[in-house]
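Hello,

Here is the structure I promised you. Please open it alongside this email and follow the notes below.

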Amino acid sequence: MSSRNISQDLDTECWVVIFRLDLFEIYLFFRYTQHNAVLSLEQRKFYEENGFLVIKSLVSDADIQRFRDQFERICRGEVKPEQMMIMRDVSIAKSEYIPSERMISKIQDFQEDKELFRYCTLPEILKYVECFTGPNIMAMHTMLINKPPDSGKKTSRHPLHQDLLYFPFRPSNKIVCAWTAMEHIDRNNGCLCVLPGTHKGPLKPHDYPQWEGGVNLMFYGIQDYDEKTPRVHLVMEKGDTVFFHPLLIHGSGWNRTQGYRKAISCHFASADCHYIDVKGTSQEIVEREVMELVHRLYGIPKDTSLQDVFRLGGQLVKGRRTNL
Ligand SMILES: O=C(O)CCC(=O)C(=O)O
């Protein structure tokens, strides 16, 4: 990471909480969570230490069914919200492409789709998001991931990475991802794998991994993580939601089943965050690639910045749009 990235991420707030037990005062130092009545002390301590927190059964079956139905409508080509990006797995040749659930590995930026965007406004999600971002909340990046059965080339894997690589705003501690399992997810169908505690480190250099079967667009991976850092595989049930820090190193395994593994997610940020210029930093590769892509898809001029893309797509979901 360049020194520029570091200095741009230093202005994070730290919280000191005081508990009085008879004659004693206990001081706890919280850097990654906000003081409110939602998280228990145990939950706060867990996120501070590990950089993620799983909340069981947070999203209802009825809501998940609605997201699933809408995804299927999009796959059949019945609805095509503006700005939404539809991705296919690298193992599917362009010539084979026909609109169906089997062809789509991910949709991104569904902020114009009222039905899917409901996910980002669910009170049960925002209640937790506020514990990390504070009260002014922007939904900055959305995805519905439909991990396909692996063709045998292991292209359905998502390499270990840090999401902050993609974001031109700071401070990182006021950004959080909510990722909800839309069905039972375990190692068989490619669950999330996290490296606890890595949110405390810097943004690391990323590049495309050298995988024999090819790599999906934008699937950058970390080149130099410590192989000995323990990994945790998050086995989740439908509706379970993990909240995690944008510097947490994570990825997901290949899908060994015949089913399409689904999850819906949103990256939220405090509206009080500020944009940074990623030129001259390790994030410049992403800016270049995103600008090429949006130029090709939507004719947006290539000299537009990554900031502009987020300024345009970001949506206020709670409080006031103070800055972003
Ligand atoms: O859902 C997955 O397989 C991983 C998604 C992920 O880590 C990402 O898109 O950043």
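Gly134 has a positive phi of about 85 degrees. Helices here are DSSP runs of H or I with at least four residues, strands are runs of E with at least two, and both are numbered from the N terminus.

Two notes on the source. This is a predicted model, where local features need pLDDT of at least 70, side-chain atom pairs count only at pLDDT 80 or more, and totals for chains, interfaces and linings use all residues. Residues are numbered from 1 along each chain as its sequence is written, and side-chain values use heavy atoms, leaving out hydrogens and water.

Back to H5. Among the buried ones are Ile125, Leu126, Tyr128 and Phe132.

Now the ligand. Which residues are around the ligand? They are Lys106, Met143, Ile145, Lys147, His158, His161, Asp163, Trp179, Leu192, His250, Ser252 and Arg261, each with a heavy atom within 4 Å.

Look at the polar contacts (pairs of N or O atoms within 3.5 Å). A polar side-chain atom of Ser252 lies 2.6 Å from a ligand oxygen. For the side chain of Arg261, the distance from an N or O atom to a ligand oxygen is 2.8 Å. For Trp179, it is 3.1 Å.

Strand E6 (137-147) gives two or more residues to the shell, as do E7 (158-161) and E15 (250-252). The largest share, 3 residues, comes from E6.

Best wishes

How values were computed. Buried < 20%, exposed > 50% of the residue type's maximum accessible area, 1.4 Å probe, protein only. Polar contact = N/O pair within 3.5 Å; in protein donor to acceptor, adjacent residues only side chain to side chain.
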